[in-house]
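Dear colleague,

Please find the structure below for your review. My notes on what was found in it follow directly after.

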Amino acid sequence: MTISAHPTAGPDDLGALLDRVGKGDAAAFATFYDLTAQRVYGMALRVIRDRGFSEEITQEVYLTVWRTANTFDGSSGSALSWVLTMAHRRAVDRVRSEVASRRRTLAHGQAAITPPFDEVTEISERREAARLVRSGLQRLTPAQRESIELAYFDGLTYREVAERLQVALPTVKSRIRDGMRRLRLSVADTAA
């Protein structure tokens, strides 16, 4: 991905460019792209770790910028954070989609094969593992349990958990990290 050199623009400049893009100014869009595309691509690449998908995400983001620039509200944040948030969300969505696709493919493949193991034992072990996790969850603080349930069972990102619980992002990360540590210890103690 090549980006032509432009002087660095400040947040106000990018906001003004977005305002012009919202009015259909193609030259402003080209300038906005030149000033921000490396950062958008970099954000996507950090999340998804695939150059091809990162390029697709970057293209999708700028298509959305062109279509929705008139909805940008500078009082809610900078133009750069708006476009980077868009890139991050799309990259996370792509990762989730790929993981779900792999799981479906794997589940379909596993269902098609006759398992060479005792299904009753497998079912029993799964139930016991689930019982141990449920028991371990009950030993966590309510805040840890709620954060873990939202992240792992509802599939929310840490940021989405923080927004849902209306707490700071570092607080959510700390709750989940400490809760998972306590959960592992609890499951290991109960299983032993």
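**Helix H7 and its two sides**

On one side of H7, Arg159 and Arg164 are exposed, where exposed means over 50% relative accessible area, buried under 20% and partly exposed in between, with a 1.4 Å probe and protein chains only. Helices here are DSSP runs (H or I, at least four residues), numbered from the N terminus. The model is a predicted one, in which local features need pLDDT of at least 70 and side-chain atom pairs count only at pLDDT 80 or more, while totals for chains, interfaces and linings use all residues. Residues are numbered from 1 along each chain as its sequence is written, and side-chain values use heavy atoms, with hydrogens and water left out.

The buried residues of H7 are Val161, Ala162 and Leu165. Seen down the helix axis, they fall within an arc of 100° (taken from the directions from the axis to the C-beta atoms), so they line one face of H7. Just after H7, Gln166 has a positive phi of about 55°.

**Pockets**

A pocket is an open set of points on a 1 Å grid over the protein atoms alone, where a 1.4 Å probe fits, with protein on both sides within 12 Å along at least five of seven lines; lining residues have an atom within 4 Å of a point. Points are joined across faces, edges and corners, and a volume is the space filled by probe spheres set on them.

The largest pocket has a volume of about 350 Å³. Of its 14 lining residues, His88, Val92, Thr157, Arg159 and Glu160 lie nearest the centre. Helices H4 (79-112), H7 (158-165) and H8 (169-191) each give two or more residues to this lining, and H4 gives the largest share, with 7 residues. Domain 1 (10-109) and domain 2 (122-191) both contribute to the lining, so the largest pocket lies between them; the domain bounds come from an automatic or database domain assignment.

The second largest pocket has a volume of about 290 Å³. Its lining includes Val47, Val92, Arg96 and Thr157, and the largest share, 6 residues, comes from H4. Both domains also supply residues to this lining, so the second largest pocket lies between them.

**Nonpolar core**

A nonpolar core is a set of buried Ala, Val, Leu, Ile, Met, Phe, Trp, Tyr and Cys residues joined through side-chain atoms within 4.5 Å. The largest one has 25 residues, and Leu18, Phe32 and Val40 are among those that touch the most other members. H2 supplies the largest share of this core, 8 residues.
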